[in-house]
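Try each task before you read its solution.

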Amino acid sequence: MAVGDNRRRHSTPLHPLRVLSDLAGVIDPDFGTSLEIRTRLLRTVLAWIRDHCSSGEQWCVAGEALAGIFSVEVSGNWSEPGTHDTYTFARGIDAADNLAGLIGLWEQVVPLLTSNEGFENSAPCPPRALIALLEMALGWVRLGLRRPPLRRPSQRSRRSTVPRAAVASWTRCTRCCSAAQVQRCVHIAGSPASTTVPVKPGTSCLSSMSIPICSPSVEWGNADFISDVETATEQVHSRTMALAGKLVALGPDAGVARFHKLAEQASLVGEDAGHLTAVRTGELMTDPEAWYRAASALECRMLQGVALTQWLTLAPDAIPPSMLQAALEDTRSRPAAISAVLARSVVDRAGETVIASLRAEDVPWLDRLFCREADDVMHRLLVHDDPAVAASAAVSFAVGTAHGPALPETWRAAWRSALEGMLIDRLTSHNRWRAGYVLAYVAEHDADTFERWFDRRLQDMSAQGWYSSPLPHDSEDLLALLPRPHRLRLALQCIGMPRIGPSALVPLINSDAELAKELLDEHAVDPGRLVTCLEEQRNTALEEIGPLLLERGVSAQQIAAAAASYSSWSGDRSRIHLELIDYFTDLADRAPALRTVAAAGCSQQQTLLREAEERERDTRVRGWSRVGA
C-alpha cells in the first residue's frame, strides 16, 4: 500500500510506513519496548524485498521501512486509567539490550543491500533507496557521540546506556553499503558542480565517509532575498539562463538527458527540481518538436511541457493531432499538455483539443487562473461543458475579491451560467475559498443569480433524498443576506426536507418574524416544522419568533430544546448545562412572553445537568463512561 503513496509522513498518521515505524518503536505503558516486534516486522519486510522489490520505487519503500525498524528512537502515549483527562507522552532512546539485538538483526539485511544481481523476483538495491538508511544511521552515530537525537525528547523520555562498543559494532555492520553503492549515492546534487566523496574499498561507510559535499541548487543557490530582492532575483535569473544555454547547446537528446539527471539528483537531496531552468530552456529552443520527442522518450515531464509550450508558440498547426491526443490520454503527460495550453492566451486548433478534453479531475490545474488576463483561454474555460471547469474559471475573476482579471460585461451572462452550475465540493480548496467571496458578493448584489444557484443545489439534493449545506465552510449566514422574497421561496423548498447538519431555515428565517408569519398564514406551513429555525438560536431570533410559535400551539418544551441545542462544546458537559441554565434564567427576566419557554429550558437543563454530573463522577472514580451515557 505504501508504494506510490507520497503523503507526508509527519502529517499522515495512517500512512502505511508511518504505522510500521510507530509500531516498531512503540513504548507499551506496562511492558516498555520489545525487540520481538521489530524482529517480526523485519522478517516480513525482508520477505517482501526478496519477492517483490523489482523497481526503484519499491526499493525506496523498503529502505524507509527498514529505517523505521532499526531506528534508535522509541515513543508512545497512553491515558491514565484513574484520570480520564490525563495522558502520558513518552519519547526517547530504546534500551541498550534492544539496541544490541538490533545490531545482530542488521546482519540479515546486509546480503540484500550488497547483492548486485538481485534475487529471483527482485532487482538490486538502487543508491537512492539508501538515503533513508543513511539518515537512520546518523541517529546511531549521534548516539555513539552521546549527542541527543535531532528531535527534542520529552521530559518523560529515557536515556539509553548502550556502550560505545556496541555502536562501533553497528558502524562495522554498515559495511553493507559497498563502496560502489555509496559512491553512487553521495554523487547527487542539484547542479553540475557536484562534489563526490570517495570511499575506499573495504572500509566502513560511516567511519570513513565524510558528509557528502553537494553544491546548492543552481537556481537559488545562496541568493539573499531578504536583504536585497533585486540583486537576488538577478542572480537567480543569470544562473538559470546560463544553465539553460548550456543545456540547449548540448542538443535535444543530450540536453534532455542531462536535465533529467540533474533534476533527479536535486530531488534526491530535497532541493528544487529545476522548474525555472526548464522554463528558460524552453524559451531558447529553436526545434521544440525534437525536444518534445526527446523529453517524451525519457519521460521528462517538465521539459516535455515547456517544449510543447514553445512548439505551440512557434508552430501550433504543425503539431500532429495524434501526438497531442496521445499526450492527453497518458496520465503522466496529460498535465504537461494542459499546462502548455494554459500558458498561452489564444485558442487555436491544438488549444481547443486540449481544453475540450478537460474534465472534473483536471481542476487542480485551474487553481491559478486568477493570475491570468481575460483572454480567449479564460472565455473558453468559462463556457466549458464540464460544470467544474466552468466554475473554476468563474470564481477566478475579480468578483467579490480584488484578485483576478476583471470580468468583461459581455461575458457576464456566461459567467452567471457557469456560477449557477457550480458544485463547491468539485473545486480545489483555494477556489472554494474564492467561491465564498463570490457568493457573498452575489447574495448582496445579484440575488436572482444566487437564488438560481441555490435552487439548483436543492433540486440535486431532492434527488439524493436529504439536505446538506451546499455552501462553502462557515458560509451559511450568506442566506440571511438575501431579500425577503428570495428567502421565502427558498424556505418553502427546505421545510420538511430530511437533512444532515444544520438546517437552512436558521439563516433563511433568522429573526424575521414577518417572514415566519407569512409562512404560517399564507402558505399553511405547520408551526412545528418552523421550530428548526430556532436551533442554537439563543439570540434575538428566539425572542422574535418564539412568541409567535407559542401562539400557534408549539409547546414551550419543544422551543426550549431547539434553542438549547449545540453542535460542539469544550470541557465538561456539565459546564454547558450550567451556562444554559443561566441563559434561560436571564431570558425569563428579559422576555416576559417567553417565561414558559425559560421555565421549560431550566427544567430540561437541570435534568441534563444531574445526568452529566453523574457520568463525570463515574468517569473520575472508575476511569470509564457507562455504556449509553
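In these exercises, helices are DSSP runs of type H or I with at least four residues, numbered from the N terminus. Please keep in mind that this is a predicted model.

**Exercise 1. Get an overview: how many helices and strands does the protein have?**

Solution. Start with the elements: there are 29 helices and two strands. Next, turn to burial: 45% of the 629 residues count as buried. Finally, look at the contacts with a separation of 6 or more: residues 24 or more positions apart account for 66% of them.

**Exercise 2. Check the length of helix H2 and work out where its buried residues lie.**

Solution. First, the length. Helix H2 covers residues 35–52, which is 18 residues, and at 1.5 Å a residue it should span 26 Å. The C-alpha atoms at its ends are 25 Å apart, which agrees. Second, list the buried residues of H2: Arg38, Thr39, Leu41, Leu42, Val45, Leu46 and Ile49. Seen down the axis of H2, these fall within an arc of 170°, so they line one face of the helix. Third, turn to the other side of H2, where Arg40, Arg43 and Thr44 are exposed. Last, ask what covers the buried residues of H2: the cover includes helix H1 (16–24), helix H3 (56–69), strand S1 (73–79), helix H4 (96–106) and helix H5 (110–114).

**Exercise 3. Is Gly92 buried or exposed?**

Solution. Begin by locating Gly92 in strand S2 (residues 87–93). The cut-off for buried is under 20% relative accessible area. Gly92 has 7%, so Gly92 is buried. Now look across to Glu73: Gly92 and Glu73 are 19 residues apart in sequence, and their C-alpha atoms are 5.7 Å apart in space.

**Exercise 4. Which residues does Gln605 touch, not counting those up to four places away in sequence?**

Solution. Gln605 sits in helix H29 (residues 595–622). With residues up to four places away in sequence left out, Gln605 touches Ala564, His577, Leu580, Ile581 and Phe584. As for burial, the relative accessibility of Gln605 is 3%, so this residue counts as buried.

**Exercise 5. Describe the second largest pocket: which helix gives the most to its lining?**

Solution. The volume of the second largest pocket is about 440 Å³. It is lined by 18 residues, and those closest to its centre are His275, Val279, Gly305, Val306 and Ser339. Now look at the helices: H12 (275–284), H14 (301–314) and H16 (334–342) each supply at least two residues of this lining. H14 gives the most, with seven residues. To finish, sort the lining by class: eight residues are nonpolar, seven are polar and three are charged.

How values were computed. Residues numbered from 1 in each chain as written. Predicted model: local features only at pLDDT ≥ 70, side-chain atom pairs only at ≥ 80, totals over all residues. Heavy atoms only, no water. Buried < 20%, exposed > 50% of the residue type's maximum accessible area, 1.4 Å probe, protein only. Contact = heavy atoms within 4.5 Å. 1 Å grid on protein atoms, 1.4 Å probe; cavity = no way out; pocket = protein on both sides within 12 Å on 5 of 7 lines; lining within 4 Å. Points joined across faces, edges and corners; volume = space filled by probe spheres on them. Nonpolar A, V, L, I, M, F, W, Y, C, P; charged D, E, K, R; others polar. Expected span 1.5 Å × (residues − 1). Arc of directions from axis to C-beta.
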